[in-house]
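Hi,

Here is the structure I promised to pass on.

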Amino acid sequence: MKLNFQSPKGVPDILPQDQKYWDFVSNIVQKRCQAFGFDKIGLPIFEDIGLFQKGTGINSDIVQKEMYEVKRLSDEPDEDHIRYALRPEFTPGIARAYLEHGMQIRPQPVKLFAYGPVFRHDKPQKGRYRQFYQFNMEVLGAKDPLIDSLLLLLIWQIYADLGLKNEITLEINNIGCKKCQPKIRKELISLLEPLESKLCPTCQSRIYTNPLRVLDCKNKSCQSIVHTLPHLIDFICADCKKYFMNTLEYLDELKVPYDLNPFLVRGIDYYTSTTFEVKDNADPNKLTSLGGGGRYDNLLALYGGHDIAAIGFAAGMDRIIEKIKTLEIKVPSESKTDIFIIQIGAKAKKLALNLIADFTQKNYAVSCAVGKDTLSSQLKAANKVKAKYALIIGQREIIDKTVIVKNMTEATQDTIELAELEKYLNIKLNAGN
Ligand code: AMP
């Protein structure tokens, strides 16, 4: 069949049979975040393009190549003359909301989490989409190694709850602060300049615009050059070194396992100090990232705030779910149908309609098989949706004012008077039978 429309490239549908995975991940994130005192925040899907240009960074691939602009079809200019972009990540929106809603006056730090779709024009392939989903945690308004290590504990607990504890490696680094980063850049430029001809074209162009990014180039020959360079820990200032050591000490105390990666530099411009990434152990080259984050102590100043320190983390939910599926991790898939109504005959059909109206009103999940009239075909349909109870109404039941209630998991059944039906089901369904 030739269809007129398909979902856009790199924008997969999330089908009903996959919803249980999404519920599983978002329930764990929500539960864990709340245990750590994070509040949920909802943000616009599109924002002022400048928010990302200034924050994510004009030199980042995300802004330069991957961001989608949102335009109205009309030629009439908008009253505010602002250009908008679909959010390619959450952090800039959360930083904006923190400032816009005066969250500086709340007890600090403010801890927020969010999840939902983000948009980047990536090359579509498995694990790489143009609309994908992230969950995101941010701690704004304070800087302390304790905050960094507790955020990493939260992240570690989430992956453990997801069943991925042995599947991931938490890599960590410190890329310096506002004070030492200009010096680090200078040092790196002088080290990289003589090696320029041996680097890939992207790294060649980055030597002067963003030399830190050369350190995490995925190109093998760039990596072999980079690995001969001194480690960032040798360049960062004494304060950053102390901060890093304290963070690692606390992680040891919390028994959060980590690997030091002296070349870990994330692809977003605002990062400073602590940076980290969750790598997929199944990838021997450790290039597949299941999540990443770090401090961004200078971002809020760019948005008009003053020196407000912050740290955050974002994970790719699509990739995590693919991993859960590959590993065949069992996720809860509760039956959504409490009651399946089976009717035989015209009078039974009318009673069925009334029961559907009654029980849905009382918030039970009710289903029936439209267009199927035999008992066996309707029972088959009840089995297919994994209904907890089937109510069977035939001619005999209409005459007797009764209903047969079949427990679908135990394959037992009772005949119940219509007047007693609600009470009976109430007890059974609420007892979890
Ligand atoms: P980032 O915001 O770039 O730090 O990415 C955070 C996480 O989002 C990554 O670790 C990936 O798991 C996920 N991610 C990034 N880009 C994509 C993409 N195009 N498709 C699916 N997941 C992605």
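A quick word on naming before we start: helices (H or I, at least four residues) and strands (E, at least two) are DSSP runs, numbered from the N terminus. Keep in mind that this is a predicted model, where local features need pLDDT of at least 70 and side-chain atom pairs count only at pLDDT 80 or more, while totals for chains, interfaces and linings use all residues. Residues are numbered from 1 along each chain as its sequence is written, and side-chain values use heavy atoms, with hydrogens and water left out.

Let's begin with Asn210. You'll find Asn210 in the loop between α7 (201-209) and α8 (211-214). With a relative accessible area of 10%, Asn210 is buried (buried means under 20% relative accessible area, exposed over 50%, partly exposed in between, using a 1.4 Å probe and protein chains only). Leaving aside residues up to four places away in sequence, Asn210 touches Arg185 and Asp269, where contact means heavy atoms within 4.5 Å.

Now for the charged pairs. Side chains of opposite charge can pair when their charged atoms come close. I counted a salt bridge when a side-chain nitrogen of Lys or Arg is within 4 Å of a carboxyl oxygen of Asp or Glu. How many salt bridges does a search of the whole structure find? It finds 23.

One of them joins Arg266 and Glu277, with the closest N and O atoms 2.8 Å apart. This pair links distant parts of the chain: Arg266 is in the loop between β8 (259-260) and β9 (272-280), and Glu277 is in strand β9, 11 residues apart. Both partners are tucked away: Arg266 is buried at 15% relative accessibility, and Glu277 is buried at 9%.

Last stop: Lys143, Asp148, Arg295 and Asp297 are linked in a network of salt bridges.

Cheers
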